[in-house]
Amino acid sequence: MTLKEKRILITGASGGIGSAIATALDAQGCQLILSGRNQSKLQNLRQTLKGEDHHIICADLALGAGREALLIRAKQLDCNMLINSLGVNQLSLLTQSTDQEVEAMLRANLQIPIQLCLGLIPFFSQQSSAVIVNIGSILGSIGYAGSTLYCSSKFGLRGFTESLRRELADSSIRVLYFAPRATNTELNTDKAQAMNQALHNKIDDPNIVAQRLIRQLKSNHCNSYYLGWPEKFFVRLNSLFPQLVDKALLKQLPIIRRFTAPSTSGAPK
């Protein structure tokens, strides 16, 4: 795939992975539509990019009016690629979660990507080629304690992407599911970062994630990509022998409980 001719809508562009993807695609000569809720972050990102024909759309995609404004502008700019990078994270046990947090997690990580695909697919279908990329997670394939809401939303996004890819298999629209492992972004709280260190989890730089995505976009051989070793091995193992993964993750549970425990004196030691 030649990326230079692509006009790409990136949601969550002001976030760590979203801004890294924007920077990598800018270097490829793409025209970008940068969407987010933080106007100043979007403007700062825009100023760092070399291309001159990029656009900023500040909108709250949790609101129907925000999504509609974004879709109208994307069509006006003849967008032919959507990258759903918007997302929120979680480190808490299910019993520590509120109804509002459940709704917010599912809305940001699953509902909004579905609604944007729904709004753009008829438009994409009229073009000679178009691409939809849903940024998932390794935890969209491995249920993980302390991330029940996040895993649920990303499992749903993975299932949605797989179904959509098969639904559009005879069309000109390519659908890609891209799943990073833990990434060093501000979505991860200090507690989450400390827990990852205690568990010896590998953490990627957002720029590495972005470059791997560029590689996958240029290749037409893979519709799902899982980033990181041994994480991609555990994805496969979990699908074949989940009991083995149960046993491995059980050993991590005391550490996870320690970092998800309510704290009155700062982060756990």
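Predicted model: local features only at pLDDT ≥ 70, side-chain atom pairs only at ≥ 80, totals over all residues.
## Nonpolar cores

The largest nonpolar core comprises 30 residues, and the members that touch the most others are Ile 10, Leu 25 and Ile 83. At least two residues of this core come from each of the strands S1 (7-11), S2 (31-36), S4 (81-84), S5 (130-135) and S6 (173-179), and likewise from each of the helices H1 (16-27), H2 (39-48) and H7 (206-218). Helix H1 contributes the most, namely six residues.

Apart from neighbours within four places in sequence, Leu 25 is in contact with Leu 3, Ile 8, Ile 10, Cys 30, Leu 32, Ile 83, Ile 214 and Leu 217. In soluble globular proteins, nonpolar side chains tend to be buried together.

## Helix H10 and its buried side

Helix H10 spans residues 253-260, and its buried residues are Ile 256, Phe 259 and Thr 260. These residues lie on the same side of H10, because they cover an arc of only 95° around the axis. The partner of these buried residues is helix H6 (190-198), against which they pack.

## Packing of helices H8 and H9

Two packed helices are described by the angle between their axes and the distance between the axes. For helix H8 (residues 231-240) and helix H9 (residues 242-250), the angle is about 120° and the axes are 5 Å apart. Because angles of 65 to 115 degrees count as roughly perpendicular and those over 145 as roughly antiparallel, H8 and H9 are classed as oblique to each other.

On the H8 side, the contact involves Phe 234, Leu 237, Asn 238 and Leu 240; on the H9 side, it involves Pro 242, Leu 244 and Val 245. Sorted by class, this contact of H8 with H9 contains six nonpolar residues, one polar residue and no charged residues.

## Two buried serines

Ser 35 belongs to strand S2. Its relative accessible area is 1%, so Ser 35 is buried. Not counting residues up to four places away in sequence, Ser 35 touches Leu 9, Ile 10, Thr 11, Gly 12, Ala 13, Ser 14, Leu 42, Ile 57, Leu 61 and Leu 70.

Ser 137 is located in the loop between S5 and H5. With a relative accessibility of 6%, Ser 137 also counts as buried. Beyond its neighbours within four places in sequence, Ser 137 is in contact with Tyr 150, Lys 154, Tyr 177, Phe 178, Ala 179 and Pro 180.

Arg 158 lies in helix H5 (residues 148-167) and is partly exposed, with a relative accessible area of 23%. Leaving aside neighbours within four places in sequence, the contacts of Arg 158 are Gly 140, Ser 141, Tyr 177 and Tyr 226. Arg 158 and Tyr 177 are separated by 19 residues in sequence and by 6.8 Å in space, C-alpha to C-alpha.

Gly 143 is found in the loop between S5 and H5. This glycine is partly exposed, with a relative accessible area of 44%. Not counting residues up to four places away in sequence, Gly 143 touches Cys 151, Phe 155 and Leu 249. Between Gly 143 and Gln 243 the separation is 100 residues in sequence and 12 Å in space, C-alpha to C-alpha.

Definitions and conventions
Residues numbered from 1 in each chain as written. Heavy atoms only, no water. Core = buried A, V, L, I, M, F, W, Y, C linked by side-chain atoms within 4.5 Å. Buried < 20%, exposed > 50% of the residue type's maximum accessible area, 1.4 Å probe, protein only. Helix = DSSP H or I, 4+ residues; strand = E, 2+ residues; numbered from the N terminus. Contact = heavy atoms within 4.5 Å. Arc of directions from axis to C-beta. Axes fitted to C-alpha atoms, helices over the stretch in contact; angles between N-to-C directions. Parallel < 35°, antiparallel > 145°, perpendicular 65-115°, else oblique. Nonpolar A, V, L, I, M, F, W, Y, C, P; charged D, E, K, R; others polar.
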